[in-house]
Amino acid sequence: MRLYHGSIEIVETPEIRIPNRTLDYGSGFYLTTSREQAENWVRRKFKGGIERGWVNVYEYDLDIENRLSVLFFDKPDECWLDFVMANRMNKDFQHNYDIVKGPVANDR
């Protein structure tokens, strides 16, 4: 499976960094199956004065999930919303999942 990460830097080896803000799924390295979504994220950074960005592309082997703790939300339901809001509202909230998969929150 091909995954994308929009960034202001080339990311050859993904790493988890401590975020400077709360994120929907907590600390982690965020990827998308949509190249367009990754491109849009980079374009939004241009509005903040960034002049260059990249869409990093990765090949992901789904079989790895058999060895990891994965939380999967197939739709934005009440459980998904509770999880996103816990991450957004409580800076001390932590979960024990290796991978969290699910829809993107649209705050519009």
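Which residues does aspartate 98 touch, not counting residues up to four places away in sequence? Hello everyone, let me start with that one. Aspartate 98 touches Leu68 and Ser69, where contact means heavy atoms within 4.5 Å. Aspartate 98 and leucine 68 are 30 residues apart in sequence, yet 6.0 Å apart in space, C-alpha to C-alpha. You will find aspartate 98 in the loop between α2 (78-89) and β4 (99-101). For the element names, helices (H or I, at least four residues) and strands (E, at least two) are DSSP runs, numbered from the N terminus.

Before we go on, a word on what we are looking at. This is a predicted model, in which local features need pLDDT of at least 70 and side-chain atom pairs count only at pLDDT 80 or more, while totals for chains, interfaces and linings use all residues. Residues are numbered from 1 along each chain as its sequence is written, and side-chain values use heavy atoms, with hydrogens and water left out.

Let's move to glutamate 65. Is glutamate 65 buried or exposed? Glutamate 65 is buried, because its relative accessible area is 17% and buried means under 20%, with exposed over 50% and partly exposed in between (1.4 Å probe, protein chains only). Its place is the loop between β2 and β3 (70-72). Leaving aside neighbours within four places in sequence, glutamate 65 is in contact with Tyr60, Val70, Ile99 and Lys101.

Now for the salt bridges. A search of the whole structure finds six of them, a salt bridge being a side-chain nitrogen of Lys or Arg within 4 Å of a carboxyl oxygen of Asp or Glu. One of them is between glutamate 59 and arginine 2, at 2.8 Å, N to O. Glutamate 59 lies in strand β2 and arginine 2 in strand β1 (residues 2-7), so this pair ties together parts that are 57 residues apart in sequence. Glutamate 59 counts as exposed at 55% relative accessibility, and arginine 2 as partly exposed at 46%.

Next, please turn to helix α1. Here arginine 35 and glutamate 39 meet in a salt bridge of 3.1 Å, N to O. They are four residues apart in the helix, so about one helical turn separates them. Glutamate 39 also forms a salt bridge with arginine 43, the closest N and O atoms being 3.9 Å apart. That pair, too, is four residues apart in helix α1, about one helical turn. Through shared partners, the salt bridges join Arg35, Glu39 and Arg43 into one network. As for accessibility, arginine 35 is partly exposed at 39%, glutamate 39 is partly exposed at 26%, and arginine 43 is partly exposed at 43%.

Two valines in strand β2 come next. Valine 55 lies in that strand and is partly exposed, with a relative accessible area of 22%. Leaving aside neighbours within four places in sequence, valine 55 is in contact with Tyr4, His5, Arg35, Ala38 and Glu39.

Not counting residues up to four places away in sequence, valine 57 touches Arg2, Leu3, Tyr4 and Arg35. Valine 57 and phenylalanine 73 are 16 residues apart along the chain, and their C-alpha atoms are separated by 23 Å.

Finally, the surface. Which residues make the nonpolar surface patch of about 220 Å²? They are Ile8, Phe46 and Ile50. Patches are made of residues with over 30% relative accessible area and no salt bridge, with like charges joined within 9 Å and nonpolar side chains (Val, Leu, Ile, Met, Phe, Trp, Tyr) within 5 Å. Accessible areas come from the Shrake-Rupley method with a 1.4 Å probe, and for residues only the protein chains shown count as cover. Phenylalanine 46 sits in helix α1 and is partly exposed at 37%.

There is a positive surface patch as well, formed by Arg21, Arg44, Lys45 and Lys47. Lys and Arg count as positive and Asp and Glu as negative, while His and the chain ends are not counted. The place of a charge is taken as NZ of Lys, CZ of Arg, CG of Asp or CD of Glu. Lysine 47 is in the loop between α1 (35-46) and β2 (54-59), and it is exposed, at 76% relative accessible area.
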